[in-house]
Amino acid sequence: LADEKAGGGEILLRNFIFELIKMPDIKISVFTPDEKDITTKIINDYPDINFIIYKSSPYYFNYIDEINLILQKENFDKVINFNMFVPFKTVVLQSHSYFHKLNRVNKLLRPIKKHILKNKLFAQNNAFQNSKIKNTDFIAVSQIIKNDYCKNFNISVNKVKVIYPGVHLKEFNEINKNEIITIGMVANSSINKGGHYFLLAMGILNLFFRKFKIKIIAPKYNKDLLMRFIVTIFNLGKNVEVLPFQKDMTDFYNNTNVVVLPSLNEAFGLVTLEAMARGIPCIISSTAGSSEIINNENGMIFKRNSFLNFIKTIDIMLKLYYTNFDRFKEMSNSARKTAENYSWSEFAKKVTEING
């Protein structure tokens, strides 16, 4: 439940637990393999939660057996698992499978990647074979994730339900036009999140004298030689503000007109809903789960396998902002209305309703 440098999966799990706490007649136990996750402060802050720490075994089946023994002893009414290696009755799938990630790698490099992932590939495959014995039901955070697991593990489509994550709605005021548009991006891991891809596209647009500012969250920027090289060679220095990890994203969103999510692999992309909740239109990769809630009215989608299409899509958004701001405002309002359809309370309710 700590929020320091939490990724999307941790944020989703934390908000799910917070919603469970609000529900009447529910007692919650939270399992974790790491004592460092459960500080004295967390125990004091959440006295209604029973924290159970189990030993994390490096041997897959020992690890499963230990948790099974605890579950049998406790006799819970419902077990909801967010660990895709442990297929109990209900499992929330919130990241791509390792088979999917392996297949995204260039064919020449795939044998090396396969060797690196061999233990995880083996463990995950065993988990999903066991899931058929346990008659597990799955919840995927997007259709993209559902397709991944159904394809790679031969899971029946009827066993996987898509439930989109939620968002905390903020106060919404209609946007005002700035002299220069600011485009934001979160690149906590530049390769998968598309940090280099994004800066390269913006560098090319800069050569064509497009006006823009960039606000990019890139904690590893100083050590990322390629990212710094792109900024230098395309003379983006004056356009770019590089930010470290942001525990509080408020300032980032308040000073951004468009958010771009160019991820290669993205189960959903909570940044999309967070931006839309503030009326910020998004440009989303076709490989991101959040593209499933985007249409031409509330944002834009680009084809991730076409760099040219990515550049064109950004350019269309730039022209819309500068030449047809009324239409841009309509897109902003539509983005907000879309976000209003997704709440954490509704997410938690739908998840808990699986299996009764």
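This is a predicted model: local features need pLDDT of at least 70, side-chain atom pairs count only at pLDDT 80 or more; totals for chains, interfaces and linings use all residues.
How far apart are the end C-alpha atoms of helix α12 (residues 307-323), and what should its 17 residues span at 1.5 Å a residue?

View 1. The 17 residues of α12 should span 24 Å at 1.5 Å a residue, and the end C-alpha atoms are 24 Å apart, which agrees. Buried residues of this helix include Phe310, Ile314, Asp315, Leu318 and Tyr321, and among the elements that cover the buried residues of α12 are β7 (182-186), α8 (195-207), β10 (258-261) and α13 (325-339).

**View 2. The salt bridge between Arg210 and Asp315.** The closest N and O atoms of Arg210 and Asp315 are 2.6 Å apart, and the pair links the loop between α8 and β8 (213-217) to helix α12 across 105 residues. Arg210 is partly exposed, at 28% relative accessible area, whereas Asp315 is buried, at 11%. Salt bridges with shared partners join Arg210, Asp315 and Lys319 into one network.

**View 3. The salt bridge between Lys215 and Glu241.** The side chains of Lys215 and Glu241 meet at 2.6 Å, N to O; Lys215 lies in strand β8 and Glu241 in strand β9 (residues 240-243), so the pair ties together parts that are 26 residues apart in sequence. Lys215 is buried, with a relative accessible area of 7%, while Glu241 counts as partly exposed at 38%.

**View 4. The open sheet of four parallel strands.** The strands follow the order β3-β4-β5-β6; β3 (80-81) and β6 (160-162) stand at the edges with a single partner strand each, so one side of each is left without a neighbour in the sheet. Three bridges join β5 (residues 137-140) to β6, with Phe138 opposite Val160 in β6.

Conventions
Residues are numbered from 1 along each chain as its sequence is written. Side-chain values use heavy atoms; hydrogens and water are left out. Two strands pair if DSSP finds at least two bridges between them. Helices (H or I, at least four residues) and strands (E, at least two) are DSSP runs, numbered from the N terminus. The expected span of a helix is 1.5 Å times one less than its number of residues. Buried means under 20% relative accessible area, exposed over 50%, partly exposed in between (1.4 Å probe, protein chains only). Contact means heavy atoms within 4.5 Å. A salt bridge is a side-chain nitrogen of Lys or Arg within 4 Å of a carboxyl oxygen of Asp or Glu.
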